[in-house]
Amino acid sequence: MGLLRHLRQLHLNANHITGKVPDSLSKLAELESLNLSDNNLVGTVPLLATNLQHLSLLHLAQNQFDDKIVHPDLQALEYELGVDLWVI
């Protein structure tokens, strides 16, 4: 995925995706919108938003992440930068 550096939107919601969110997503430097909601993703909530400067929409709800609350860094980003964040 890191080769798609100019990708601006990635919407893979409701696709029955399993496993962890790949670290390579953090290499999508131009990404503005990421929707991975309504899948079966596991592990911890990724800190993608701290690496993606253009990200304004991040939907991760309806997954099986270990974190049941928003990570403090993501919560701060939501308020400071106006990111539309849906995790729980």
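This is a predicted model: local features need pLDDT of at least 70, side-chain atom pairs count only at pLDDT 80 or more; totals for chains, interfaces and linings use all residues.

Q: How many strands form the open sheet, and in what order?
A: Start from the general idea. Backbone hydrogen bonds pair the strands of a sheet, in a parallel or an antiparallel sense. Here 3 strands make an open sheet, ordered β2-β4-β6, with parallel pairing.

Q: Which strands stand at the edges?
A: The edge strands are β2 (18-19) and β6 (64-65). Each has a single partner strand, so one side of each lacks a neighbour in the sheet.

Q: How many bridges join β2 to β4?
A: 2 bridges link β2 with β4 (residues 40-43), and the two strands run parallel. Gly-19 has Leu-41 of β4 as its bridge partner.

Q: What about the pairing of β4 and β6, parallel or antiparallel?
A: Parallel, over 2 bridges. Look at Val-42: the residue opposite is Gln-64 in β6.

Q: Which residues of β4 are on the covered face, and which on the uncovered one?
A: The general idea first. Side chains in a regular strand alternate between the two faces of the sheet. In β4, Leu-41 and Gly-43 make up the covered face. Asn-40 and Val-42 make up the uncovered face.

Q: Where is Asn-39, and is Asn-39 buried or exposed?
A: Asn-39 sits in the loop between β3 (33-35) and β4. The cut-off for buried is under 20% relative accessible area. Asn-39 has 4% relative accessibility, so Asn-39 counts as buried.

Q: Which backbone oxygens does the side chain of Asn-39 reach?
A: There are two to inspect. One is the backbone oxygen of Leu-12, at 3.0 Å. Another is the backbone oxygen of Leu-36, at 2.9 Å. Beyond four places in sequence, the contacts of Asn-39 include Asn-13, His-16, Ile-17 and Asn-63.

Q: Where does Asn-63 lie, and is Asn-63 buried or exposed?
A: Asn-63 is in the loop between β5 (57-59) and β6. With 11% relative accessibility, Asn-63 counts as buried.

Q: Which backbone atoms lie 3.0 Å and 3.3 Å from a polar atom of the Asn-63 side chain?
A: The backbone nitrogen of Leu-41 lies at 3.0 Å. The backbone oxygen of Ala-61 lies at 3.3 Å. Leu-41 is also the β4 bridge partner of Gly-19, and belongs to the covered face of β4.

How values were computed
Residues are numbered from 1 along each chain as its sequence is written. Side-chain values use heavy atoms; hydrogens and water are left out. Two strands pair if DSSP finds at least two bridges between them. Helices (H or I, at least four residues) and strands (E, at least two) are DSSP runs, numbered from the N terminus. Buried means under 20% relative accessible area, exposed over 50%, partly exposed in between (1.4 Å probe, protein chains only). A polar contact is a pair of N or O atoms within 3.5 Å; within protein, one must be able to donate a hydrogen and the other to accept it, and residues adjacent in sequence count only if both atoms are side-chain atoms. Contact means heavy atoms within 4.5 Å.
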